[in-house]
Amino acid sequence: LAPREHRTAPSSLIYMADFSQPLPGTAGALDNNGSVKETLKSVLTREFWRNAAESLSSEKALRYRTLAKSALNPLEFSKPAQAEVLPRVISNGFKFLPIYTVAVGVPLALYTLLSSWWLCIGAFAICGTWGFAYGMRREAASLDIAGVPVPKPLACGGASLLLMLLTGMISAFAYAAVLGAVVALPHAALHKVPEAGGFDEESAALNAAIPAASIVA
């Protein structure tokens, strides 16, 4: 038998694959990844942190500083009469709610969250759900669930509620909220009721003092 000859294809029939264009269906993913990268880059710029520093000196931030100063002022504490306990607790509870949330509520919530693996998994899953909806799918107005378009707030809210029920996060945070209220109760009962408009007047004075100080400097 005569040996077979191995023939090669003509050079005119040999083509190289063109990878200069993205494959079908990957252009949107590349755009979303680019938007996430741009967002991360903007956080690392000086302009972002300069704007954040300027927002801390706003009127609202000054009011919170005055509120914290009043909450820690020992001259504003006194032993209440029996008839003053409930009005003090109600008034100070609403007035110092931001202070109680940051100083008591957030640490208790973090301690409760880190005390169980299920709570940690649920928290990561909820963050991943919202991050996917508003990070990777930022341009989309809705999410397709089983072929049905659902608005992103409704889809993420429903998924978050389901995850919180499955992992026991609702009962854990309810326990943390009750414990935080018990911890903040003595402060609310012993602190004098702030005068109406006192915080606003002091905040306005501090806000007016900032431009004057900058001019002198």
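Guide: What follows is a series of questions on terms and the values behind them. The model is predicted.

Visitor: What makes up the chain, in terms of helices and strands?

Guide: The chain has 9 helices and 2 strands. Their order from the N terminus is α-α-α-α-α-α-β-β-α-α-α. Of its 217 residues, 19% count as buried. Among contacts with a separation of 6 or more, 70% are between residues 24 or more positions apart.

Visitor: Why are helices H4 and H5 called roughly perpendicular?

Guide: Helix H4 (residues 85-95) packs against helix H5 (residues 97-114) at an angle of about 70°, and their axes are 4 Å apart. The term covers angles of 65 to 115 degrees, so H4 is roughly perpendicular to H5.

Visitor: Which residues of H4 and H5 meet?

Guide: From H4 there are Asn92, Gly93, Phe94 and Lys95, and from H5 there are Leu97, Pro98 and Tyr100. By class, this contact has 4 nonpolar, 2 polar and 1 charged residues.

Visitor: How do you know that H7 and H8 are also to be described as roughly perpendicular?

Guide: The angle between helix H7 (residues 152-167) and helix H8 (residues 169-190) is about 80°, with the axes 5 Å apart. The range for the term is 65 to 115 degrees, and H7 and H8 are therefore roughly perpendicular to each other. On the H7 side the contact is made by Leu161, Met164, Leu165 and Thr167, and on the H8 side by Met169, Ile170 and Phe173. These residues divide into 6 nonpolar, 1 polar and no charged.

Visitor: What makes Glu84 and Arg88 a salt bridge?

Guide: The closest N and O atoms of Glu84 and Arg88 are 3.8 Å apart. The cut-off is 4 Å, so the pair qualifies as a salt bridge. By this rule the count comes to 1 salt bridge.

Visitor: Are the two partners, Glu84 and Arg88, buried or partly exposed?

Guide: Glu84 has a relative accessibility of 37% and so counts as partly exposed. Arg88 stands at 8%; buried means under 20%, so Arg88 counts as buried.

Visitor: What surrounds Arg88?

Guide: Arg88 belongs to helix H4. Not counting residues up to four places away in sequence, Arg88 touches, among others, Ser78, Lys79, Pro80, Ala188, Ala189 and Leu190. The C-alpha atoms of Arg88 and Leu185 are 9.9 Å apart, while the two residues are 97 residues apart in sequence.

Visitor: How many aromatic pairs does the structure hold, and why is the pair of Phe96 and Tyr100 called tilted?

Guide: There are 2 aromatic pairs. The ring centres of Phe96 and Tyr100 are 6.2 Å apart, and their planes stand at 50°. Phe96, at 0% relative accessibility, counts as buried, and Tyr100, at 14%, counts as buried.

Visitor: Why is the pair of Trp130 and Tyr134 called stacked?

Guide: The centres of these rings are 5.8 Å apart and the planes are at 10°. Plane angles under 30 degrees count as stacked, so the term applies to Trp130 and Tyr134. Both residues lie in helix H6 (residues 117-136), 4 residues apart, about one turn of the helix. Trp130 is partly exposed at 33%, and Tyr134 is partly exposed at 36%.

Visitor: What makes Leu108 buried?

Guide: Leu108, which lies in helix H5, has a relative accessibility of 19%. The limit for buried is under 20%, so Leu108 counts as buried. Leaving aside neighbours within four places in sequence, Leu108 is in contact with Ala176, Leu179 and Gly180. Between Leu108 and Tyr175, 67 residues apart along the chain, the C-alpha separation is 9.5 Å.

Visitor: What sets the phi of Ala146 apart?

Guide: Most residues other than glycine have a negative phi. Ala146, a residue other than glycine, has a positive phi, near 55°. Ala146 is placed in the loop between strand E1 (142-145) and strand E2 (148-151).

Visitor: How do you know that Ala146 is exposed?

Guide: Its relative accessibility is 80%. Exposed means over 50%, so Ala146 counts as exposed.

Note on methods: Residues are numbered from 1 along each chain as its sequence is written. This is a predicted model: local features need pLDDT of at least 70, side-chain atom pairs count only at pLDDT 80 or more; totals for chains, interfaces and linings use all residues. Side-chain values use heavy atoms; hydrogens and water are left out. Axes are lines fitted to C-alpha atoms, for helices over the stretch in contact, and angles run from 0 to 180 degrees between N-to-C directions. Angles under 35 degrees count as roughly parallel, over 145 as roughly antiparallel, 65 to 115 as roughly perpendicular and the rest as oblique. Contact means heavy atoms within 4.5 Å. Ala, Val, Leu, Ile, Met, Phe, Trp, Tyr, Cys and Pro count as nonpolar, Asp, Glu, Lys and Arg as charged, and the others, Gly among them, as polar. A salt bridge is a side-chain nitrogen of Lys or Arg within 4 Å of a carboxyl oxygen of Asp or Glu. Buried means under 20% relative accessible area, exposed over 50%, partly exposed in between (1.4 Å probe, protein chains only). Rings of Phe, Tyr and Trp (its six-membered ring) pair if their centres lie within 6.5 Å; planes under 30 degrees apart count as stacked, over 60 as edge-to-face and the rest as tilted.
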